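Visitor: I would like to go through the aromatic side chains of this model. Could you take my questions one at a time?
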Amino acid sequence: MDANVIAPMGPLAQGREFVWTNADFARVQGLIYKRAGISLHDGKHAMVYSRLSRRLRETGHDSFNDYLSWLESNDGPEWQEFVNALTTNLTAFFREQHHFEIFASHLRSKPAGTSWKVWCNAASTGEEPYSIVMTACEALGNNPPFKLIASDIDSKVLATAGNGVYRIDSMKGMSQERLQRFFLKGKASNAGMVRVKPELRRLIDFMSVNLIRDDWPFKEPFDVVFCRNVMIYFDAATQRRVLEKIHRVLKPGGLLFVGHAENFSESKDLFVLRGKTVYERR
């Protein structure tokens, strides 16, 4: 028997629907790294099996070997589903609150009427980009000269973000003042839900951007970039390449907000630390 097979008595003996081998996992590691720059460590076996098993069922494949061979042989829409399945979208409104306080102070530091262009490159289901534009409205007033580009590699979460509809019980930490100012409460069949007000939504352009590719669609540099809890999924070499590209699209003196577990002290030639997980572009 192939020692590569994790379930020596077949998938059902392990409570698994499909045979799952170390070779399958290694192939997935290579494919997601090449496609999205994500480094899957060896402790992710169970997560990968669970998420990709759904893709086998959806596409009618009987084994991971068949599914992965089919994926590699074409460049169709299943690649997006593959990436969607393996990306993590943990998010919340005003997560890492200190960032929004620093961001508000930065917005107020420039003369009134200054135009702002900001990029949030891990938009997920929208909580972070909407938190950014709420902060902008509070700092600059209604209808501010402000445009946010909100991107993600996962097409499904971007669709959710664009809709701007959330369960009200997921917003327990938000003040009543913000809820009333920025959201519409659902009624009848939509009771228990809220929708972002149109005046907030129109400050954001949602788009799909793959951080490791060279086809970023930006024409003008940004004043601020939020790249929070993204780099933790990249190895050091990929982190450096992405930081170099962010450096190119960020204005000198512009701010880069990163996640609480991310540290880029080895890229001091690009960014200098200006606060807790806040960097300034050199």
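Visitor: Is phenylalanine 226 buried or exposed?
Guide: In this predicted model, phenylalanine 226 counts as buried because its relative accessibility is 0%.

Visitor: And phenylalanine 257, buried or exposed?
Guide: Phenylalanine 257 is also at 0% relative accessibility, and therefore counts as buried.

Visitor: How many aromatic pairs does the structure hold?
Guide: There are 23 aromatic pairs in the structure. One of them joins tryptophan 79 and phenylalanine 82, an edge-to-face pair with 5.7 Å centre to centre and 85° between the planes.

Visitor: Why are those two about one helical turn apart?
Guide: Tryptophan 79 and phenylalanine 82 are three residues apart in helix 4 (residues 78-86), so about one helical turn separates them. Both tryptophan 79 and phenylalanine 82 are buried.

Visitor: Back to phenylalanine 226 and phenylalanine 257: why is that pair stacked?
Guide: The ring centres of phenylalanine 226 and phenylalanine 257 are 4.5 Å apart and the planes are at 10°, so the pair counts as stacked. The pair links distant parts of the chain, with phenylalanine 226 in strand 7 (residues 222-227) and phenylalanine 257 in strand 8 (residues 250-258), 31 residues apart.

Visitor: Which residues do ring pairs link into a cluster?
Guide: The cluster linked by ring pairs consists of Phe94, Phe100, Phe103, Phe146, Phe226 and Phe257.

Visitor: Changing topic to charges: what sits over the ring of tyrosine 49?
Guide: That is the charged end of arginine 16, 4.9 Å from the centre of the tyrosine 49 ring.

Visitor: And what lies over the face of phenylalanine 222?
Guide: Lysine 117 lies over that face, 5.2 Å from the ring centre of phenylalanine 222.

How values were computed:
Residues numbered from 1 in each chain as written. Predicted model: local features only at pLDDT ≥ 70, side-chain atom pairs only at ≥ 80, totals over all residues. Heavy atoms only, no water. Phe/Tyr/Trp six-rings, centres within 6.5 Å; stacked < 30°, edge-to-face > 60°. Helix = DSSP H or I, 4+ residues; strand = E, 2+ residues; numbered from the N terminus. Buried < 20%, exposed > 50% of the residue type's maximum accessible area, 1.4 Å probe, protein only. Lys NZ or Arg CZ within 6 Å of the ring centre and 35° of its normal.
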